[in-house]
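Here is a set of questions and answers to work through with the structure open beside you. Take your time and have a look at each residue as it comes up.

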Amino acid sequence: MKLRTICSLGLLLLVCSALFAQLRVLPPPNPSCDGLSNLIEWGSQFRFNACHTGYNSYEVILSPASVGNLVLDWKYTTGDQIFLSTPAVANGVVYVGSFDYNVYALNALTGAKLWSYTTGGPVLSSPAVANGVVYVGSDDQNVYALNALTGAKLWSFATGNIVISSPAVANGVVYVGSTDGIVYALNAASGATLWIFQIGYYVFSSPAVANGVVYVGSDYSYYGAVFALNAATGAYLWGYTTGSPVRSSPAVSNGVVYVGSFDHNVYALNAATGAKLWSYATGGPVYSSPAVANGVVYVGSGDANVYALNAATGAELWSYATCCAVDSSPAVANGVVYVSYYSTRVYALNAATGALLWSYPLSLEGSSPAVADGVVYVGASDSSVYAFHLPGQ
């Protein structure tokens, strides 16, 4: 195992030399997610794919013309609120974490519970599903690998603090952060440590993986930073300081990293160098993780707005005003943007204009929406998972 650590402060974010023994060689880097995702459903992982674009390009049932007809299909109630953990949908099963310490697997058509697995703490991390395995973090300071069919534990890995970060899975490796200030790369089959990168401050952000590079935000030195690491070795490539914590999860598209910061800004960074391409100032902290689709960046802000920005220039295309902070992360599919926020509703907006197409009352915000096969899934703080579909579908 190789340990790498940040040893200097400031904008340069210089990194110390590698310590310890030679790292084993990992599989070749994964290709860019742009147009190449093999994930037909949302379920594989948080924000749809390893690049975290939040864009489901395979959705054909729901559209701006039909989404206004959505009705409640089913609701499943867990033992406590669902907060932050976004449902994952794979092979007809919905996977989600709950404050009641459990990870749930629900039948996507009926909402019936298939299994649950009890961890030692609340599960705020969003599950990732790959090759028949569910990967998820817990506040009990562990990352778990569970059999997707049965819920049986395959392995667990102990970190040094709670795991709110959602795992990204690429090429047989699980990448995840912890509030112990470390980004971990784990063998997906065994849970063995491949490398760790020590930032030293909280990592709430979920890593994105694209073209052999891992991108992740952190509370680095309380000034906040985005880091780019070699996916195979954990070697530091670049860091960009925002000035406030970065708990938003980066999205990577067409060679650009998009991410929000508590300094009220959305940033676009060159994925190869970390150079700032543009930033857009909102009126509040940006905890929301951006979605990127068809040349547009969609993101929520603590100023109670959802924004659509030109991905190339950062120019505002439209904004939609809500009543309260929008900390959830938008999902985009077939011309519709889905988002929830700290009020009482989940919304569907026209991706081109920002016009309201549909909404449904919930009990406060719980998780970010997920869209798969004509169904919208979202968790809420009333302890329930909701599924919405079109009548007759």
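Q: In this predicted model, which side chain makes a polar contact with the side chain of threonine 77?
A: Threonine 77 is part of strand β3, which covers residues 71-77. Leaving out residues up to four places away in sequence, threonine 77 touches Asp382, Ser383 and Ser384. The polar contact between side chains spans 2.9 Å, and the partner of threonine 77 is serine 384.

Q: Does threonine 77 count as buried, partly exposed or exposed, and what is its relative accessibility?
A: A residue is buried under 20% relative accessible area and exposed over 50%, with partly exposed in between. Threonine 77 therefore counts as partly exposed, as its relative accessibility is 45%.

Q: How far apart in space are threonine 77 and lysine 113, C-alpha to C-alpha?
A: Along the sequence, 36 residues separate threonine 77 from lysine 113. Lysine 113 belongs to β7, where it is the bridge partner of leucine 106. In space, the C-alpha to C-alpha distance between threonine 77 and lysine 113 is 10.0 Å.

Q: How many bridges join strand β6 and β7?
A: Strands of a sheet pair through backbone hydrogen bonds, either parallel or antiparallel. Strand β6, residues 102-107, pairs with β7 in the antiparallel sense. One of the bridges links leucine 106 to lysine 113. The number of bridges between β6 and β7 is five.

Q: Is serine 125 buried or exposed?
A: Serine 125 sits in the loop between β7 (113-118) and β8 (128-130). Its neighbours, not counting residues up to four places away in sequence, include Ser85, Val163, Ile164 and Pro167. Because its relative accessibility is 0%, serine 125 counts as buried.

Q: Which backbone atoms does the side chain of serine 125 reach?
A: The backbone nitrogen of glycine 137 lies 3.1 Å from the serine 125 side chain. A polar atom of that side chain is also 3.0 Å from another backbone atom, the oxygen of serine 165. So both are within the 3.5 Å limit for a polar contact, and the atoms are the nitrogen of glycine 137 and the oxygen of serine 165.

Q: What share of the protein chain's residues count as buried?
A: The secondary structure of the chain comes to zero helices and 34 strands. Of its 393 residues, the buried share is 63%.

Technical notes: Residues numbered from 1 in each chain as written. Predicted model: local features only at pLDDT ≥ 70, side-chain atom pairs only at ≥ 80, totals over all residues. Heavy atoms only, no water. Helix = DSSP H or I, 4+ residues; strand = E, 2+ residues; numbered from the N terminus. Buried < 20%, exposed > 50% of the residue type's maximum accessible area, 1.4 Å probe, protein only. Polar contact = N/O pair within 3.5 Å; in protein donor to acceptor, adjacent residues only side chain to side chain. Contact = heavy atoms within 4.5 Å. Pairing = 2+ DSSP bridges.
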